Amino acid sequence: MARPRRPLFLRPASYRQRRLRDAARLLPVLGIALFLVPLLWTPSDESGGVSNSGALLFVFGVWTGLIVAAHVLSRILRLDAGEDRDEPP
Amino acid sequence: MILTFNILVAVSLGYVAMLFAVAFAADRRARAGRGGWLRSPLIYTLSLSIYCTAWTFYGAVGYAARSGLEYLTIYLGPSLVVIGWWWLLRKLVRIARVQRITSIADLVSSRFGKSPWIGAVVTLIAVAGVTPYIALQLQSISLTFAAFIEGMDGGMDVDFVALWTAIGLALFTTLFGTRNLDPSERHHGIVMAVAVEAVVKLFALLGVGVFVVWGLGGGIAGTLARIDASPIPMWQGEGGRWVGLTALSAAAFLTLPRMFHVLVVENDDDRHLAVASWAFPLYVLLMSLFVVPIAVVGLERLPEGSNPDLFVLALPISEGHGGLALLAFLGGFSSATSMVIVATIALATMVSNHIVAPLWLSVRGPDEVARDLRGTILLARRVSVAAVLALGYVYFQYTGSGVALSSIGLIAFAGVAQILPAMLGGITWRGATAKGAGAGLLLGAAVWAWTLFLPSFGTAIIPQPVLDQGPWGLAWLRPRALFGIEGLDPLLHAVLWSLLLNAAAFGLVSILTFPNPLERLQGAQFVNVFDQTGPARTWSRSGAEVEDLLVLAQRVVGHETALDLFQAEAEEQGKSGHLPDATPGFLQRLERELAGSVGAAAAHALVGQFVQGPGLSVGDLMAVADEAAQILEYSARLEAKSAEQERTARALREANDKLTQLARQKDAFLSRISHELRTPMTSIRSFSSILQEEGLTPAEARRFAGIVEAEAHRMTRLLDDLLDLSVLRDGQVTLERQEGTLAEVIDRSLLSAGALKGDLAVLRDPAAEALPVVTDLDRLAQVFINLVSNARKYCDADRPELRIAVQRRGPQVIVDFVDNGSGIPAPEREVIFESFARLSGRRAGTVAPSGAGLGLAICREIMSLLGGSITYLPGQGGAAFRVTFPQGVAAAAAE
């Protein structure tokens with residue numbers, strides 16, 4: 001009679017959860033990086049500067065992207081928010 | 001539609017009345033326990049929208065018209081904080097729940113050893129920072145009224161609008177925000193009203209935006225073309241301000257008292273944060289979406305020199321859309337009012353808990369304190385609400401309306417941001433000390449006041465020469481160029497130096513000083529809030545009299561809450577009744593419960609007055625040490641196990657004691673009963689033999705026969721009682737199901753017990769008593785009669801008084817009978833419900849007891865048959881009995 005096989009490393013589900021938490025932690029970092037891009041622009045009122053509508057669309061575009069990503073992550077993370085303890089560092 | 005001033009006032013008043021109705025209805029629903037949906041993630045997210053004040057509603061357009069994209073920094077900062085909830089917000093919310101935090105001042109003071117000083121400093125900074133902010137809201141309301149009036153004849157003076165708005169808001173806030181001292185410090189009515197206002201302002205701004213883009217701008221493509229052609233450059237190359245303001249708004253989002261209140265204190269589920277993490281950024285994105293189109297189209301169409309802060313309102317007015325203008329007005333009005341309401345509640349809580357309560361505690365002795373703490377705190381809150389609004393009004397009058405809305409808001413942001421280093425350091429760094437936090441806060445606040453707040457009054461406080469050359473000619477102290485570094489933007493200059501010096505002082509002093517034990521303990525609890533196996537203890541041993549603590553708790557959190565808390569704890573410890581042992585764990589829980597009402601520092605001081613001995617022992621400090629964590633967890637498990645065994649043992653011991661006592665009582669009962677029966681028997685026998693003798697006068701014979709009859713009566717009554725008791729005990733009793741009101745039963749009982757003619761004053765509550773009940777009313781009346789006649793017989797006060805209090809809790813009806821006599825001494829409370837338990841040796845000088853001592857025993861049997869109970873209620877100032885029974889008869893008891 002074969003003994004029940006133990007998973008090789010960790011249970012995939014909890015491993016996936018932890019990586020998703022990592023993603024949730026990294027999302028604001030990504031946001032900060034993208035919102036720093038305007039620092040590289042040439043002012044709109046100088047020649048060759050970023051166009052008004054272009055600047056506006058960029059910021060709102062990044063913002064919308066972050067909201068969508070946060071929405072997806074929160075839906076998954078909410079399921080295990082009841083679990084109290086963080087993983088040990 | 002022609003708008004007149006009267007219509008405007010009528011609409012505002014109608015809107016405010018609607019808010020009152022919403023808040024009132026939500027409060028009622030929550031109290032009736034049907035408020036589940038009031039606590040949904042949606043309502044939570046909407047309540048966060050008080051971040052968007054009148055500044056957002058009107059000021060953002062003005063900001064965009066002046067500085068292009070920069071207005072977005074105010075929303076990007078908070079969006080990033082909320083999107084990164086897993087980093088910080090989750091921890092804050094958890095800490096606040098575990099520690100029963102009531103405000104940001106409470107959080108910081110609690111972290112640094114429940115220090116009252118730190119709490120007071122944070123409170124003062126918050127008051128100084130938020131006052132301009134409240135002034136800003138008043139200013140925006142008065143500006144919008146002025147904008148409407150401009151087009152009307154008469155040219156009325158609208159200064160009084162701000163004053164009346166402030167008065168109306170004070171009224172609303174006092175009504176719904178300070179009605180009671182809720183241990184959880186949550187306000188359903190207010191949160192609901194804020195959520196409604198959130199929808200109104202979003203709808204209004206989107207309405208104006210849609211009108212501008214599709215009505216005036218020529219669709220999306222047309223509007224984008226106009227934006228490209230407009231004279232305002234969107235990106236003006238101010239990289240420093242872009243980064244600095246984003247960071248500043250992120251900091252203010254966490255430290256503004258009103259944001260902390262809705263974000264952390266009113267939160268009751270971690271999972272709401274997950275929803276808010278995307279829904280709140282979405283909300284602010286929608287709020288800022290149409291700002292640039294409105295600014296661009298406004299600059300194009302409105303006459304030169306119009307105030308861009310009012311474009312949202314001026315565009316619909318100039319295009320002749322009165323309805324839309326009214327909607328925009330309401331949107332701005334709700335932005336301003338919701339912010340002011342929540343901000344004043346948050347500030348009032350802080351002022352009463354961290355300034356009034358500690359002062360009160362320090363000037364009063366412990367006995368006096370407990371007497372009216374609750375009333376004092378409520379009063380303090382109401383006065384603080386009025387004072388905060390008055391301050392805002394004064395600031396508004398002082399600065400005049402010349403300043404742009406956005407610059408006032410940023411002054412406030414920079415002020416409250418001074419709390420950030422202490423807060424962040426406190427929850428992430430165990431080494432942070434109270435002295436460090438105090439140094440950082442004071443230095444930061446001083447620099448902020450010198451470089452930003454005081455100069456905002458123009459030259460009224462800081463004269464021009466000081467601005468130019470520095471005080472006493474010290475050039476390096478110039479408010480606009482500290483340390484001689486010139487050429488910085490004034491706001492960035494102030495933010496940079498104040499936060500830098502604040503954080504540096506905080507870190508440096510923390511490193512150089514030692515925390516006291518309580519600080520270390522709290523530090524460990526805050527930093528490792530997710531790893532707690534159980535709450536650490538701050539009270540090691542105690543000489544506390546539990547009954548004193550009960551009296552204290554009743555005065556702070558309220559009568560019923562305190563009794564419930566003590567009863568639950570007693571049950572946990574395996575004891576019956578309302579008085580648990582004063583274990584360190586219990587004292588800790590009690591302190592937290594009190595902290596929910598009066599803040600951590602005051603609660604600690606209050607409990608400290610009743611507990612002797614040092615607050616912390618070496619063993620407790622061991623718990624702080626990281627290295628011991630593993631051993632600790634293991635021993636905690638052992639401890640839990642042994643605590644459970646101890647509980648079981650205690651319950652067993654109690655049961656055993658009771659059994660032994662019962663056996664002894666059985667014997668006593670037999671001898672007692674023979675004695676009780678023999679006494680009347682003896683007199684009957686002797687008087688009947690006298691009656692048989694010759695030579696008695698008829699009068700004598702009648703008298704002796706009378707005595708014989710009376711004794712026989714007494715015997716019959718005793719036998720009746722005994723029979724009653726034994727029948728009740730066997731459970732062979734048929735209950736009659738009757739309907740009636742409690743008032744009828746009490747009336748009947750008072751009449752039968754003769755309480756109406758005696759000198760016993762009965763205090764009743766007719767409103768509460770009009771309660772329909774279905775049970776065996778005759779049996780219930782029997783219990784009441786017993787309790788009333790006991791009070792008549794035994795209450796030894798000069799003016800005996802009996803208070804009958806009725807309340808309903810779920811399906812249970814609770815009736816308390818409380819007299820003002822000397823009560824029953826603790827050791828005898830255990831036995832009063834046993835047969836023949838007339839208390840010996842007490843109340844000398846009162847009427848000798850005439851009953852057989854079966855009354856309460858019968859009461860207890862009856863109540864258990866009715867599916868209820870009767871218990872002695874300690875800590876009420878006299879003898880007090882609590883009768884509990886189901887409002888509808890229990891099916892099992894009625895056969």
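Two residues are in contact when heavy atoms lie within 4.5 Å. The legends below describe a predicted model.

**Figure 1. The interface of chain B and chain A in the predicted model.** On the side of chain B, 40 residues are in contact with 38 residues of chain A. Between them the two chains bury about 3,600 Å², and 73% of this area is on carbon and sulfur atoms. B:Ile83, B:Trp86 and B:Trp235 supply 21% of the area that chain B buries against chain A, more than any other three residues. The size of an interface is often given as the accessible area lost when the parts come together.

**Figure 2. Elements and residue types on the side of chain B that touches chain A.** Two or more residues each are given by helix H4 (73-83), helix H5 (89-99), helix H10 (219-229), helix H11 (239-255) and helix H13 (270-289) of chain B. H13(B) provides the largest share, 11 residues. By type, the residues on this side of chain B comprise 28 nonpolar, eight polar and four charged. Across the interface the rule finds zero salt bridges, while 11 residue pairs are in polar contact, both residues being at pLDDT 80 or more.

**Figure 3. Chain A, the partner of chain B at this interface.** Chain A has two helices and zero strands. Of the 89 residues in chain A, 35% are buried. Among contacts in chain A between residues at least 6 apart in sequence, 70% join residues at least 24 apart.

**Figure 4. The aromatic pair of B:Phe112 and B:Phe506.** Over all chains, the count comes to 21 aromatic pairs. In this one, the ring centres of B:Phe112 and B:Phe506 are 6.4 Å apart and the planes stand at 90 degrees; because planes over 60 degrees apart count as edge-to-face, the pair belongs to that class. The pair links distant parts of the chain, 394 residues apart: B:Phe112 is in the loop between helix H6 (104-111) and helix H7 (116-150) of chain B, and B:Phe506 is in helix H22 (residues 490-512) of chain B. B:Phe112 counts as buried at 1% relative accessibility, and B:Phe506 is buried with a relative accessible area of 5%.

Figure 5. An α-helix has 3.6 residues a turn, so residues three or four places apart point the same way. B:Tyr393 and B:Phe396 are both buried.

**Figure 6. B:Lys114 in the loop between H6 and H7 of chain B.** B:Lys114 has a phi near 50 degrees, a positive value in a residue other than glycine. Most residues other than glycine have a negative phi. With a relative accessible area of 8%, B:Lys114 falls under the 20% limit and is therefore buried.

**Figure 7. Helix H19 (residues 420-428) of chain B.** Seven of the nine residues of this helix are buried, so helix H19 is largely enclosed by the rest of the structure. The buried residues in H19(B) are B:Leu420, B:Pro421, B:Ala422, B:Met423, B:Gly425, B:Gly426 and B:Ile427.

Terms used
Residues are numbered from 1 along each chain as its sequence is written. Chains are lettered from A and ligands numbered from 1 in the order in which they are written. This is a predicted model: local features need pLDDT of at least 70, side-chain atom pairs count only at pLDDT 80 or more; totals for chains, interfaces and linings use all residues. Side-chain values use heavy atoms; hydrogens and water are left out. Buried means under 20% relative accessible area, exposed over 50%, partly exposed in between (1.4 Å probe, protein chains only). Helices (H or I, at least four residues) and strands (E, at least two) are DSSP runs, numbered from the N terminus. Buried area is the accessible area (1.4 Å probe) that two parts lose on being put together, summed over both. A salt bridge is a side-chain nitrogen of Lys or Arg within 4 Å of a carboxyl oxygen of Asp or Glu. A polar contact is a pair of N or O atoms within 3.5 Å; within protein, one must be able to donate a hydrogen and the other to accept it, and residues adjacent in sequence count only if both atoms are side-chain atoms. Ala, Val, Leu, Ile, Met, Phe, Trp, Tyr, Cys and Pro count as nonpolar, Asp, Glu, Lys and Arg as charged, and the others, Gly among them, as polar. Rings of Phe, Tyr and Trp (its six-membered ring) pair if their centres lie within 6.5 Å; planes under 30 degrees apart count as stacked, over 60 as edge-to-face and the rest as tilted.
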